[in-house]
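Please examine the sequence and the model shown here.

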Amino acid sequence: MRYSVPLTGIAAALLMTTTAQANESLDVDMHKVSAEGVEEAIGTVSIEHTEHGLLLTPSLSGLEPGVYGFHVHQNASCEPAEDDDGAMTAAQAAGGHYDPEETGTHQGPYDDGHLGDLPVLTVNEDGEANLPVLAPRLSMEDMPGRSLMIHAGGDTYDDDPHLGGGGARMACGEVKS
């Protein structure tokens, strides 16, 4: 006996596969970092594809309330390394901001600078970050082999002061595909 699948069944299966791929997500484990190495876990950041770019949803705790710089960095490493002055620096092995087009400028998530510039991360009075941010210029294809970085201090999305005023690297997560 031969079975046949109606054309609508094939179309529905293809649509479901495409939808599943479009809704793929990654969970990135985030850790505090120091010049000595990767430290305790502080939660996760979920990354999902949307029709408007990537949605990054943090579920973090144990942070001081405030606003922090948040970026995608070039390498998938949160290990310390020597900076240009030879000093061991937290998560230096992550490299700089993800900038595949080599713009060399820090203009924020909605302009033409580093592709890795994300909206700031906000931590509430309870030390929790759970407010999603949208990265309209990023796609899931950009993420494997990268890291997410939280910097002390805010972010002005400008080159002056250096890197938008963001401070030391304080938390990091390797993006694993």
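Two strands count as paired if DSSP finds at least two bridges between them. The model is predicted, and on this criterion strand β1 (residues 25–34) pairs with strand β10 (residues 169–174) in the antiparallel sense, over two bridges.

How many of the residues of β9 are buried? Five of the five are, so the strand is largely enclosed by the rest of the structure. In a regular strand, side chains alternate between the two faces of the sheet. In β9, S147, M149 and H151 point one way, whereas L148 and I150 point the other way, and all of them are buried.

The nonpolar packing can be considered next. In soluble globular proteins, nonpolar side chains tend to be buried together. The largest nonpolar core of this model comprises 28 residues, and those with the most contacts inside it are I47, L56, L60, F70, L138, M143 and L148. At least two residues of this core come from each of β1, β2 (37–50), β3 (53–60), β4, β7 (121–123), β8 (133–135) and β9. A second, separate core has seven residues, including V33, C78, A94 and M149. In β9, L148 and M149 point opposite ways; L148 is among the residues with the most contacts inside the largest core, while M149 belongs to the second one.

The surroundings of L60 can be listed in detail. Leaving aside residues up to four places away in sequence, L60 touches M30, I42, G43, T44, V45, L121, G127, E128, A129 and I150.

Confidence remains to be considered. The protein chain averages a pLDDT of 85, and 81% of the residues score at least 70. Over residues 1–21, however, the pLDDT is below 50, and this stretch has one contact in the model beyond near neighbours in sequence. Where pLDDT is low, the predicted coordinates should not be read in detail.

Notes: Residues numbered from 1 in each chain as written. Predicted model: local features only at pLDDT ≥ 70, side-chain atom pairs only at ≥ 80, totals over all residues. Heavy atoms only, no water. Helix = DSSP H or I, 4+ residues; strand = E, 2+ residues; numbered from the N terminus. Buried < 20%, exposed > 50% of the residue type's maximum accessible area, 1.4 Å probe, protein only. Core = buried A, V, L, I, M, F, W, Y, C linked by side-chain atoms within 4.5 Å. Contact = heavy atoms within 4.5 Å. pLDDT = per-residue confidence, 0-100.
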